[in-house]
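Biologist: Can you walk me through this structure? I'd like to start with the words you use.

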Amino acid sequence: MCVAAWNPKEAQDIPKYMLARCRDANPDGMGMAWAEDGRLHVVKMMSRFGRFYRKYRKVRKHGHGVMLHFRMATHGNRDFVNCHPFQVGADVVMCHNGIFAGLGNDEISDTREFVHILSGLDSPWWKSPSLEPLFRLAT
């Protein structure tokens, strides 16, 4: 199963060997997201762990929290467009660990299809008071 992690800016960096283990166990792509200068940044890679790790260290050196994801494909192609994190709105990104039952196919990952569904909702859906209890459970 994929590995999804949040590395808050106040926390220690995740050691390189741990991130390498995550990638080795989940070899179908890796990605990270962080906020800087009022906007979200997303980096996705299929390979080149050394380059990925250098980018992670640079982001952390600048004092940012980082969302990380290492993919083990269950649905969809093993390609860049199915890598997490996904930008859901101008100020929201998401990644997922698990399977969205009934979503995805041979080309599109279940999470990518889920994000497509979310993109069809009225914005900003993530600020809806009815979703607040769900977000609290997830944090």
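Modeller: Let's begin with contact. Two residues are in contact when heavy atoms lie within 4.5 Å. One more thing before we go on: this is a predicted model.

Biologist: Is His64 buried or exposed?

Modeller: Buried means under 20% relative accessible area. His64 has 15% relative accessibility, so His64 counts as buried.

Biologist: Let's zoom out. How many helices and strands does the protein have?

Modeller: There are four helices and six strands. Along the sequence, the pattern reads β-α-β-β-α-β-β-β-α-α.

Biologist: What about the overall size?

Modeller: The C-alpha atoms fill a box of roughly 40 × 35 × 25 Å, taken along the principal axes. The radius of gyration is 15 Å. A compact globule with 139 residues would have a value near 14 Å, which agrees.

Biologist: What share of the residues is buried?

Modeller: Buried residues make up 41% of the 139.

Biologist: And the surface?

Modeller: The accessible surface comes to about 8400 Å². Carbon and sulfur atoms account for 55% of that surface.

Biologist: How many positive and negative side chains are there?

Modeller: There are 19 positive and 14 negative side chains. The centres of the two sets lie 10 Å apart.

Biologist: What share of contacts joins residues at least 24 apart?

Modeller: Take contacts between residues at least 6 apart in sequence. Of those, 66% join residues at least 24 apart.

Biologist: Now the helices. Which residues of α1 are buried?

Modeller: Helix α1 covers residues 16-25, and Leu19, Ala20 and Cys22 are buried there. Looking down the axis of α1, the buried residues fall within an arc of 155 degrees, so they line one face of the helix.

Biologist: What is exposed on the other side of α1?

Modeller: Tyr17, Arg21 and Asp24 are exposed there.

Biologist: What covers the buried residues of α1?

Modeller: The cover includes β1 (3-7), α2 (49-61) and β4 (66-70).

Biologist: Next up, α3. Which residues of α3 are buried?

Modeller: Helix α3 runs over residues 110-119, with Asp110, Thr111, Val115 and Leu118 buried. Seen down the axis of α3, these buried residues fall within an arc of 135 degrees, so they line one face of the helix.

Biologist: What do the buried residues of α3 pack against?

Modeller: They pack against β5 and β6 (92-94).

Biologist: Switching to the backbone. Which residues does a cis peptide bond join?

Modeller: His84 and Pro85, with omega at about -5 degrees. Pro85 lies in the loop between β4 and β5 (86-89).

Biologist: What is phi of Asp37?

Modeller: Phi of Asp37 is near 55 degrees, a positive value in a residue other than glycine. Asp37 lies in the loop between β2 (30-36) and β3 (39-45).

Biologist: Is Asp37 buried or exposed?

Modeller: Exposed means over 50% relative accessible area. Asp37 is at 76% relative accessibility, so Asp37 counts as exposed.

Biologist: And what about Arg48?

Modeller: Arg48 is not a glycine, yet its phi is positive, about 60 degrees. Arg48 lies in the loop between β3 and α2. At 55% relative accessibility, Arg48 counts as exposed.

Biologist: Last one. Where does Arg78 lie?

Modeller: Arg78 lies in the loop between β4 and β5. Arg78 is exposed, with a relative accessible area of 55%.

Biologist: What is Arg78 in contact with, leaving aside neighbours within four places in sequence?

Modeller: Arg78 is in contact with Asp28, Met46, Arg71 and Ala73.

Biologist: And what separates the C-alpha atoms of Arg78 and Ile108?

Modeller: They are separated by 9.4 Å, and the two residues are 30 residues apart along the chain.

Conventions:
Residues numbered from 1 in each chain as written. Predicted model: local features only at pLDDT ≥ 70, side-chain atom pairs only at ≥ 80, totals over all residues. Heavy atoms only, no water. Helix = DSSP H or I, 4+ residues; strand = E, 2+ residues; numbered from the N terminus. Rg over C-alpha atoms; globule rule 2.2 N^0.38 Å. Buried < 20%, exposed > 50% of the residue type's maximum accessible area, 1.4 Å probe, protein only. Areas by Shrake-Rupley, 256 points an atom, 1.4 Å probe, with all protein chains shown as cover. Lys, Arg positive; Asp, Glu negative; His and termini not counted. Charge placed at Lys NZ, Arg CZ, Asp CG, Glu CD. Arc of directions from axis to C-beta.
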